[in-house]
Amino acid sequence: MKKSAIKPFFTILREANPSPQTELEYTTVFELLAAVLLSAQATDVGVNKATRKLFPVANTPQAILDLGLEGLESYIKTIGLYRSKAKHLMETCRILVERHGSKVPDTREALEALPGVGRKTANVVLNVAFGQPTMAVDTHIFRVSNRTGLAPGKTPLEVEKQLLQRVPAEFAVDSHHWLILLGRYVCQARKPKCWECLVAAQCDFKPKSEAPK
Ligand code: SF4
């Protein structure tokens, strides 16, 4: 994608959705961290279903610890990989209580030191909770960035670096939401819906797919 197309690309996405939000449901920074940790290789819809029951009962690190491992598992067992996620979340809660005064830290280093929290999760929390212009490259962003030519790269980290370089500052905080939503609903993995895509004119992908007849 030519540099001159990037600003129109994001301007169009912003006009269509001026304040994009994550589809994970949360009301506190800790709930966001827990939801993102549970969402690896699972859908946001599936995670929301579980956390709608969990969070009213336990939405602080100490409350999750008080549930105990089995108690926590009983709330999240509909989510894939729930056993290892439960263990990671318990351990993360213990560290938050012992080292961070039960608060979610706002630095990449401290976040990535938490069990079950990798670069992507840290990027989501830094962006969504703390307003930092990080790029959490998930499967949708990886595909859309490559297909459109916005930020080509062979690995998520390469794409992340390209995005940080190429996305203009005014779009930096919200851009990852727009890219996820574009990938989830329009630029889908098997067949992109180019015929109804708002940014088709800016996108490099060729040939564009046509509407089913
Ligand atoms: S035009 Fe097609 S390939 Fe390009 S972003 Fe839109 S849906 Fe994806």
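## The ligand and its shell

Among the 13 residues around the ligand, those that come nearest are Cys 187, Pro 192, Cys 194, Cys 197 and Cys 203; a residue is near a molecule if its C-beta atom, placed from the backbone, lies within 6 Å of it. The shell comprises nine nonpolar residues, one polar residue and three charged residues. In this division Ala, Val, Leu, Ile, Met, Phe, Trp, Tyr, Cys and Pro count as nonpolar, Asp, Glu, Lys and Arg as charged, and the others, Gly among them, as polar.

The model is a predicted one, in which local features need pLDDT of at least 70 and side-chain atom pairs count only at pLDDT 80 or more, while totals for chains, interfaces and linings use all residues. Residues are numbered from 1 along each chain as its sequence is written.

## The annotated cysteines

An unreviewed UniProt entry places the feature "binding site" at Cys 187, Cys 194, Cys 197 and Cys 203. These positions are spread over 17 residues of sequence, yet they cluster in space, with a largest C-alpha distance of 10.7 Å. UniProt positions are given in the numbering used here, feature names are shortened, and annotations may be inferred rather than shown by experiment.

Cys 187 lies in the segment after α10. Cys 187 counts as buried because it has 24 C-beta neighbours inside 10 Å; the term requires 20 or more other C-beta atoms within 10 Å of the residue's own, all placed from the backbone. Leaving out residues up to four places away in sequence, Cys 187 touches Arg 143, Val 144, Arg 147, Leu 182, Pro 192 and Cys 197, where contact means C-beta atoms, placed from the backbone, within 7 Å. Cys 203 is also found in the segment after α10, and it is buried, with 22 other C-beta atoms within 10 Å.

Helix α10 spans residues 175-185, and nine of its 11 residues are buried. Helices are DSSP runs (H or I, at least four residues), numbered from the N terminus. The buried residues of α10, including Trp 178 and Leu 182, pack against α1 (3-16), α7 (119-128) and α8 (139-148).

In α8 the buried residues are Ile 141, Phe 142, Val 144, Ser 145 and Thr 148. They pack against α9 (156-166) and α10. Just after α8, Gly 149 adopts a positive phi of about 85 degrees.

Gln 202 belongs to the segment after α10 and is buried, with 22 C-beta neighbours inside 10 Å. Beyond its neighbours within four places in sequence, Gln 202 contacts Met 1, Ala 5, Pro 8 and Phe 9.

Note on methods
Buried ≥ 20, exposed ≤ 12 C-beta atoms within 10 Å, placed from the backbone. Helix = DSSP H or I, 4+ residues; strand = E, 2+ residues; numbered from the N terminus. Contact = placed C-beta atoms within 7 Å.
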